[in-house]
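Q: I am new to this structure and would like to learn how to read a few of its features. Please show me the model first.

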Amino acid sequence: MATRALLSVISASPRRIKIETSIFSSSSLSSSLQLQRYSRKAHRIARSFSSDTNPSVLQPPDVARLAETARISLTPAEIEECGTKLRQVTDWFGQLQQVDVNSVEPAIRAEMEGGNLREDAPETFENRESIRASIPSFDEAYLKVPKVLNKE
Amino acid sequence: MLSTLQPPRSLSLLPLRRFHCSKTIVSAASSSPATTSDAASVSPPQSQILTTRRSLLSGETTASEIAKSYLSRIRLTEPQLKCFLHVSENALKDAEEIDQRIARGEELGPLAGVIIGVKDNICTEGMPSTAASRILEHYRPPFDATAVKKIKELGGIVVGKTNMDEFGMGSTTEASAFQVTANPWDLTRVPGGSSGGSAAAVAARQCMVSLGSDTGGSVRQPASFCGVVGLKPTYGRVSRFGLMAYASSLDVIGCFGSTVADAGMLLHAISGYDRFDSTSSKQDVPEFESQFLSVDRFESKPLKGVKVGVIRETLEEGVDSGVRSATQEAASHLEALGCVLTEVSLPSFSLGLPAYYVIASSESSSNLSRYDGVRYGNQVMADELNKLYECSRGEGFGGEVKMRILMGTYALSAGYYDAYYKRAQQVRTLIRKDFKAALEQNDILISPAAPSAAYKIGEKKNDPLAMYAGDIMTVNVNLAGLPAIVLPCGLVEGGPSGLPVGLQMIGAVFDEEKLLKVGHIFEQTLKGSSFLPPLLPNVA
């Protein structure tokens with residue numbers, strides 16, 4: 001697993017370029033030039049970049065660890081399948097590293113008017129029975145779950 | 001099996017003759033534009049909503065008769081199409097109530113008796129709402145989404161919940177945990193996605209209009225694949241309260257109809273500020289109906305002076321030649337209607353796709369953490385709490401959902417955030433700037449809705465990048481938060497009687513009016529195609 005992961009980092013760049021061509025086979029001369037421009041800039045910028053934005057130090061996904069973080073149990077076959085697909089996709093994400101975003105503000109969503117928050121005050125929801133009916137395991141006033149403390 | 005399919009026009013043999021509008025569409029398309037502006041000769045817009053209203057008010061038919069005929073059509077066509085995950089047991093009762101109100105002489109809401117499909121990720125009180133996921137199988141929400149509540153208040157009848165890619169994650173509706181929906185134009189092809197059930201149901205006239213949701217094209221691409229109108233409003237135009245969150249900064253509820261007027265009127269019904277969604281806007285909702293002008297009103301070119309930008313990057317190699325030529329013909333058609341065409345370039349266009357997938361998967365990994373098997377949905381019992389979460393989610397989520405949650409978890413991991421999530425947000429800024437500049441020079445922008453027409457079921461199922469590439473035409477519009485409408489503009493070869501191709505028109509923020517106006521004129525004057533799918537087998 002570790003060896004394969006290392007290999008995949010080494011091969012990340014050429015593979016990424018291949019994937020770009022297949023996805024953007026629609027690139028005309030002008031947009032290819034655009035991409036070249038981006039990568040020239042990326043080269044220039046990469047030298048001055050901090051390590052966390054340099055694609056060569058981004059580790060490929062460790063599926064088992066990610067699944068644990070996301071609290072999803074996966075079968076060994078799923079780990080294998082997800083791993084292949086995830087590496088493909090994250091390699092493809094890599095092209096974002098080539099964009100010059102120096103001094104560009106991130107946009108967390110579309111432009112919006114502010115001040116639309118309602119008062120932070122409790123309200124009674126009338127249909128409580130229906131909410132209770134959806135709870136898979138319910139005992140009197142409590143949601144029932146298995147013990148929380150680990151054995152260790 | 002396909003050889004038994006009949007040509008499109010024979011759909012008029014079906015029980016819905018009185019309510020569907022094939023006849024009028026055909027006559028509008030085949031008649032030469034009138035040059036008179038005599039108000040008496042001006043025809044109202046083609047709309048099943050307006051037709052329903054007229055026939056109820058005149059006593060020509062009853063809401064119950066209409067509901068029965070749609071329910072019977074659903075029964076007949078569902079075995080082949082599989083558009084619905086749930087058909088309402090109350091639709092007929094709701095229709096009878098409307099008839100009683102008519103009998104009592106009470107006021108009718110503008111959607112009275114209108115048969116509406118609702119995507120299964122939009123909450124409907126007491127009716128299953130699963131987002132096509134096993135983790136929510138049998139879940140019945142205790143409340144209506146605001147959009148659904150408004151529809152009901154205006155007299156609309158929710159006829160059922162439509163199939164989709166699980167939680168909206170997919171472009172074919174094959175990622176539903178329960179069934180694969182077929183495209184009514186060719187049963188071996190996908191209807192698009194993720195709102196594939198909503199689009200196919202309108203195309204097959206199983207309902208008059210429907211609600212979908214659009215995070216990266218999930219209303220517009222299936223509208224294109226199924227030959228119907230799909231309207232994605234500006235982010236904030238419609239409340240997201242009760243829409244199961246996938247990527248909150250991109251999600252919008254959108255509308256399907258068989259005509260521009262129907263999609264526009266449905267949007268009007270569900271729009272407006274909602275105190276339960278702080279991202280909903282307090283902007284006025286204009287009376288869209290005034291935009292549905294008949295071409296008969298115009299003595300000269302009806303779209304004279306409307307500035308249309310053709311997005312260069314969307315018509316390059318990699319887009320199917322049939323789609324390209326249909327789009328170019330549509331552009332010429334707009335020019336003939338009086339529009340001024342220019343080519344515009346959006347330099348950031350191709351970057352939208354990876355940026356979109358980083359943002360959408362990151363937000364989904366956070367949003368979907370609520371499905372833990374404890375408060376609602378399916379629970380897998382375990383002897384320890386973390387195991388309960390892991391097993392409930394492991395068994396409850398399908399492959400694509402797991403993939404995207406893991407993708408998002410990866411992109412948000414410590415040390416990776418700047419390289420992926422933040423960078424994608426910066427790219428979103430670049431995209432917004434490019435669109436803004438293009439829309440300062442133009443009233444609307446046009447492009448295809450997808451690089452191809454509907455493809456075969458299974459064709460791209462195991463190739464995520466090939467699937468994602470199909471979203472290239474639509475994702476940027478979500479990143480910029482802009483409104484867009486897709487309407488059928490031509491047919492390409494494929495299936496028993498051709499496959500529809502959709503034209504995408506993109507407008508400035510909160511300028512749905514212009515899209516509806518241009519779309520409505522375009523639709524009335526497009527000649528030669530009625531965009532009714534072929535007859536389904538065993539239905540005649």
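Q: How many disulfides are there over all chains?
A: A disulfide is a pair of cysteine sulfur atoms within 2.5 Å. By this rule the count over all chains is 0. This is a predicted model, where local features need pLDDT of at least 70, side-chain atom pairs count only at pLDDT 80 or more, and totals for chains, interfaces and linings use all residues. Side-chain values use heavy atoms, without hydrogens and water, residues are numbered from 1 along each chain as its sequence is written, and chains are lettered from A and ligands numbered from 1 in the order in which they are written.

Q: What about B:C255?
A: B:C255 is in no disulfide either; its nearest cysteine sulfur, in B:C207, is 12 Å away.

Q: Is B:C255 buried or exposed?
A: Buried means under 20% relative accessible area, exposed over 50%, and partly exposed in between (1.4 Å probe, protein chains only). B:C255 has 0% relative accessibility, so it counts as buried. A:C82, at 8%, also counts as buried.

Q: How are two packed helices described?
A: By the angle between their axes and the distance between the axes. In chain B, helix 3 (residues 63-81) and helix 4 (residues 91-103) pack at about 160°, with axes 7 Å apart. Helix 3 of chain B is therefore roughly antiparallel to helix 4 of chain B (an angle over 145 degrees).

Conventions: Axes are lines fitted to C-alpha atoms, for helices over the stretch in contact, and angles run from 0 to 180 degrees between N-to-C directions. Helices (H or I, at least four residues) and strands (E, at least two) are DSSP runs, numbered from the N terminus. Angles under 35 degrees count as roughly parallel, over 145 as roughly antiparallel, 65 to 115 as roughly perpendicular and the rest as oblique.
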